[in-house]
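Welcome! Have the sequence and the 3D view open beside you, and let us walk through them together.

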Amino acid sequence: MSNITAEPRVELTCPESVKGLLEEKTIGALQTMAFFCTDPTDSGALSPEDAVLISMGFTGTSSGTVELVAGKYFGQRLASNALGCGPTDEEALTQADDSIRELVNVVVGMMMPRLAIEPGELFALTLPSTRAFEEGEWESFIAAPGVAILDAEGDTLALRIIR
Amino acid sequence: MSTPSNLPVTYSILIVDDSALTRSVIKRTINMAGIDATPIFEAGDGKAAVDVLKNQKIDLVLMDLNMPIMGGLEATRRIREQPEHKNVNIVIVSSESTAGRIEQLKQQGVQGYIKKPFTPEQIKCTIEQVLGVNNHV
């Protein structure tokens, strides 16, 4: 079994800490899952084309829902990098949505130790769910406190936690 | 490649994850690592995994935790309840990594834990360790 390294706890009431946690875990997940170089970007980023919103809830001493907005083409690139195929190959096309859901699943799981008050604490997680995201929703989404906006080699992602 | 004489040369592995992407990545890693896993079975949830074990001899189960229909913890418990599968190797592959969850898994008697996101090397090393394989790519 791997050892758990204690990292500083993040309070959901502190938007800057939440933003930092979302950035750190998403950048790390994308690097390991698919060799993506991802950087924080500013709030002037445009809404991803053909976007989807993935939501995943967590319940424990801290509870909330992580939401991620990304374009479907980003899902194709994520799948293609992970699988070692082209972004328009059949495998990448069929696993594009699944790859974004799995990214959210991984990010949420990575965040939980940082939200726990006690080391032995357990969180209940929902399954990631997907819905279409309208371009008109973008401005209000990124205006939320603690939102993280990332540039994954040309694709824009945005994440936030709803309490 | 060297294999202890008391172990089978080929291994049957069951990958249980609701993410088809993750199943594909693990399968690819096993093949690229040169681990002779024939066949590799797949299941998209814990119930399907339990069903596979009813009909197949499995040397190693790589099990996600957060899945629809039946999660990995419940599936592990049900597998352990079956006398013929009491000692089957189960390695959890999950992003849930709180100390509480790790302790819960130890109590369930799993043989290992791979934290998502994983590297191919982590998958390879854990499988080789659990199965007693000593392959070199």
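Are α1(B) and α5(B) roughly parallel or roughly perpendicular to each other? Keep in mind as you look that this is a predicted model. The two helices pack at an angle of about 65°, with their axes 9 Å apart. An angle from 65 to 115 degrees counts as roughly perpendicular, so α1(B) and α5(B) are roughly perpendicular to each other. Their crossing is right-handed.

**Where two helices of chain B meet**

On the α1(B) side of this packing you will find Ile26(B), Thr29(B), Ile30(B) and Met32(B), which meet Pro120(B), Ile123(B), Lys124(B) and Ile127(B) in α5(B). Sorted by class, the contact has six nonpolar residues, one polar and one charged.

**A closer look at α1(B)**

Helix α1(B) is 13 residues long, and its first and last C-alpha atoms are 18 Å apart, close to the 18 Å expected at 1.5 Å a residue. Its buried residues are Leu21(B), Thr22(B), Arg23(B), Ser24(B), Val25(B), Ile26(B) and Ile30(B). What do the buried residues of α1(B) pack against? Their partners come from both chains: α2 and α4 of chain A, together with β1, β2, β3 and α5 of chain B. Just after the helix, Gly34(B) takes a positive phi of about 80°.

Leaving aside residues up to four places away in sequence, Ile26(B) touches Ile15(B), Leu62(B) and Ile123(B). Ile69(B) is 43 residues from Ile26(B) along the chain, and their C-alpha atoms are separated by 22 Å.

**Another helix pair, in chain A**

Now turn to chain A, where α1(A) and α4(A) pack at an angle of about 130° with their axes 9 Å apart. These two helices are therefore oblique to each other, and their crossing is right-handed. From α1(A) the contact uses Leu21(A), Lys25(A), Thr26(A), Ala29(A) and Met33(A), while α4(A) brings Leu103(A), Val106(A), Val107(A), Met110(A), Met111(A) and Arg114(A). By class, eight of the residues in this contact are nonpolar, one is polar and two are charged.

How does the span of α4(A) agree with its 20 residues? At 1.5 Å a residue, the helix, which covers residues 96-115, should span 28 Å; its end C-alpha atoms are 29 Å apart, which agrees. Of its 20 residues, 18 are buried, so α4(A) is largely enclosed by the rest of the structure.

| Helix pair | Angle between axes | Distance between axes |
|---|---|---|
| α1(B) and α5(B) | about 65° | 9 Å |
| α1(A) and α4(A) | about 130° | 9 Å |

**Where the chains touch**

The contact between the chains takes 25 residues from chain B and 28 residues from chain A. On the chain B side, α1, α4 and β5 each supply at least two residues. The largest share of that side, six residues, comes from α4(B). The chain B residues that touch chain A divide into eight nonpolar, 11 polar and six charged.

The bond from Thr38(B) to Pro39(B) is cis, with omega near 0°, and Pro39(B) lies in strand β2 of chain B. The bond from Lys116(B) to Pro117(B) is also cis, with omega near 0°; Pro117(B) sits in the loop between β5 and α5 of chain B.

Positive phi values turn up at some non-glycine residues too. Glu153(A) has a positive phi of about 50° although it is not a glycine. It is found in the loop between β6 and β7 of chain A and is partly exposed, with 14 other C-beta atoms within 10 Å. In chain B, Ile69(B) has a positive phi of about 65°, and it is not a glycine either. Ile69(B) lies in the loop between β3 and α3 of chain B. Is Ile69(B) buried or exposed? With 12 C-beta neighbours inside 10 Å, Ile69(B) counts as exposed.

Terms used. Residues numbered from 1 in each chain as written. Chains lettered and ligands numbered in written order. Predicted model: local features only at pLDDT ≥ 70, side-chain atom pairs only at ≥ 80, totals over all residues. Helix = DSSP H or I, 4+ residues; strand = E, 2+ residues; numbered from the N terminus. Expected span 1.5 Å × (residues − 1). Contact = placed C-beta atoms within 7 Å. Nonpolar A, V, L, I, M, F, W, Y, C, P; charged D, E, K, R; others polar. Axes fitted to C-alpha atoms, helices over the stretch in contact; angles between N-to-C directions. Parallel < 35°, antiparallel > 145°, perpendicular 65-115°, else oblique. Left-handed = near helix turned anticlockwise from the far one by under 90°.
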